[in-house]
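Subject: Structure handover, with notes on cavities, pockets and sheets

Hi,

Here is the structure I promised to pass on.

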Amino acid sequence: MTFMGQLRDELAEFKKEGVYKRLNYLDSPQDSRVKMEGRGDVVILSSNNYLGLCDVPEVVQAGKAALDHWGAGTASVRFICGTFTVHRDLENALAKFVGCESSLSYVSCWNANEGLCPTVLSESDVVISDQLNHASIIDSIRLAKAMTKCQTAVYKHSDMADLEEKLKAAGSARRKLIFTDGIFSMEGDIAKLPDLAAIARKYDAVLAVDDSRATGVLGKSGRGTAEHYGMLGQIDVITSTLGKALGGAAGGFTAGPAALTDYLTQRSRPQLFSNALPPTVAASALAAVRYVEGHPELVARLHQNARYFREQLLGLGFKPLPGDTPIVPVILGETAKAIHMSELLLAEGVFVTGFGYPVVPQGHARVRCQLSAAHSRDDLDFALRAFKKVGAKLGLI
C-alpha cells in the first residue's frame, strides 16, 4: 500500500473511533458569540479568550498602527537583522506584569517551552515534570533528553510526596528543574505553588511554571498563579502565552532573571533560528497587557461568570469538576459520548469541544467549557438551556 493510502486508512479509522477532528470556520472576530459558516450565530464555550480582548478596539488598533509603523514582518531572526523596539517594550511590560526581572518573547509558548529545557539542561542535570503537564512541556523534556542526555522523571499529579521522592533519587544531579503548569489545561485545577516553591528551596532546585492558562486569569489583577498565591517575584522561571487571555493572537515568552533571558538569547534554538513575532502581534499584545493593567474588573467578571456557570450546571444535575478557574470540564467517560454531546450542543448553537483519549486518559472523556469575561448572562443562560436539552436527550440528567 502507498504512503498516502496508509494515511487514508488511518484517517478512516479516526472517523470510525469517533476521534476525527472537523474544523469549524468562523467569519467574525473571536468573541462570546461568533458567526460560524453553516451555523449562523453561535455561543463560544471553547475559546481561550478569557478576558474578551481578541476584539477590544484598543488591542486591534495597536496592531493596525504597528503594521503602518514597522511593516508586516521581521524578515529574519533578531540577532541577524535587528530587533524592533516594540519587542523590547513588550518584553519589559511582560516581565513587570508577571513579577520577573526580564522576559524574552517567542512565536508561541510551545517554542518558549521547547527553548528552555534543551538550552539550560545537560547530561548531569534532571528535569522533573507533573504527570498532567501540557504537551509542550512534555515535548520540551523529550527534546532535552534526546539532545543533551539529561535525566528525566515524572511525579504523580500535584503529589508533593512523590515529587520529593523523585528529587531524593536525583540527589547527585548538578541542576534540578521542576516543571509544572500553573493551571492544568484539561482538569482546570491550580498547581500547589507554595508547596512546590518550598520543596524547590529544600532540594536546591529551580521551579519553572508554564502559566499559559493563568496569565490574565488568576490573581486580582490577572498576573497569574504567583499573584493568586501572593508569591509575585518568588518564582524562578515563568513561561506563558500571548495567545489566550492577552489578546489571543500568537506568541509566548519566558520570564525570569536577566541572566536566564540573556542566556536564552545566546543559545535557545527557537530564538536563534526563527523569526521574531510579527510587529503587529507584538504591539497588540503590548496593548492587551496595558489594557488588563487598567481594567482589573475584567478578571473579577471572568470569575463571576465561571462560578455562575459551574453552579448552574450542578443545579441541572451535571457533575463538572470542582475548581476556581474558568475551565469547567464535564466528565462523560466515553470518547464517543463526549464527541456526540459536543455535536448536539453545536446543533443547538453552542460551540464546546469534546475531548477523549489520547488527549485525556481512557475513561475520562469530557466536554471542556471555557468561560470568558465577554460572556453576558444571556450568553450563559442560552448555553445552559442547550446543556439541559442535550443532557436530557442523552440521559445524563
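The second largest cavity has a volume of about 50 Å³. A cavity here is a set of points on a 1 Å grid over the protein atoms alone where a 1.4 Å probe fits but cannot get out, and lining residues have an atom within 4 Å of a point. Grid points are joined across faces, edges and corners, and a volume is the space filled by probe spheres set on the points. Asp31, Ser32, Ile44, Ser46, Ser47, Asn49, Gln370, Leu371, Ser372 and His375 line this second largest cavity. By class, that lining divides into two nonpolar, seven polar and one charged. For the classes, Ala, Val, Leu, Ile, Met, Phe, Trp, Tyr, Cys and Pro count as nonpolar, Asp, Glu, Lys and Arg as charged, and the others, Gly among them, as polar.

Before going on, two notes on the basis of all this. This is a predicted model, in which local features need pLDDT of at least 70 and side-chain atom pairs count only at pLDDT 80 or more, while totals for chains, interfaces and linings use all residues. Residues are numbered from 1 along each chain as its sequence is written, and side-chain values use heavy atoms, with hydrogens and water left out.

How many cavities of 30 Å³ or more does a search of the whole structure find? The search finds two. The largest cavity holds about 80 Å³ of space. Its lining is made up of Arg78, Ser105, Tyr106, Val107, Pro270, Gln271, Ser274, Asn275, Ala276 and Leu277. Strand S3 (102-106) and helix H11 (269-272) each give at least two residues to this lining. Helices (H or I, at least four residues) and strands (E, at least two) are DSSP runs, numbered from the N terminus. The lining of the largest cavity counts five nonpolar, four polar and one charged residues.

S3 also belongs to a sheet. Seven strands form an open sheet in the order S3-S9-S8-S7-S6-S4-S5, and the pairing is mixed; two strands pair if DSSP finds at least two bridges between them. S3 and strand S5 (151-155) are the edge strands, each pairing on one side only. On average, neighbouring strands of this sheet are turned by 20° against each other, direction ignored. Axes are lines fitted to C-alpha atoms, for helices over the stretch in contact, and angles run from 0 to 180 degrees between N-to-C directions. S5 pairs with strand S4 (residues 126-130) in the parallel sense over five bridges, and Tyr155 in S5 stands opposite Asp130.

Helix H4 (residues 85-98) lies across S3, strand S8 (237-241) and strand S9 (252-256), at about 125° to S3. H8 lies across S5, strand S6 (176-181) and strand S7 (206-210), at about 155° to S7.

Is Leu196 buried or exposed? Leu196 counts as buried because its relative accessibility is 1%, where buried means under 20% relative accessible area, exposed over 50%, and partly exposed in between (1.4 Å probe, protein chains only). Not counting residues up to four places away in sequence, Leu196 touches Tyr155, Met160, Leu163, Ile178, Thr180, Ala191 and Leu207; contact means heavy atoms within 4.5 Å.

There is another open sheet, of three strands in the order S10-S13-S12 with antiparallel pairing. Strand S10 (327-333) and strand S12 (353-355) are its edges, each pairing on one side only. S12 and strand S13 (residues 365-370) pair over three antiparallel bridges, and Arg368 in S13 is the bridge partner of Thr353. Helix H14 (residues 335-347) packs on this sheet and touches S10, S12 and S13, with its direction at about 35° to that of S13.

Finally, the largest pocket has a volume of about 1,100 Å³. A pocket is an open set of points with protein on both sides within 12 Å along at least five of seven lines. Of the 36 residues lining it, Lys21, Arg22, Phe351, Thr353 and Gly354 are the closest to its centre. H14 supplies the largest share of this lining, five residues. By class, the lining has 16 nonpolar, 14 polar and six charged residues.

Best wishes
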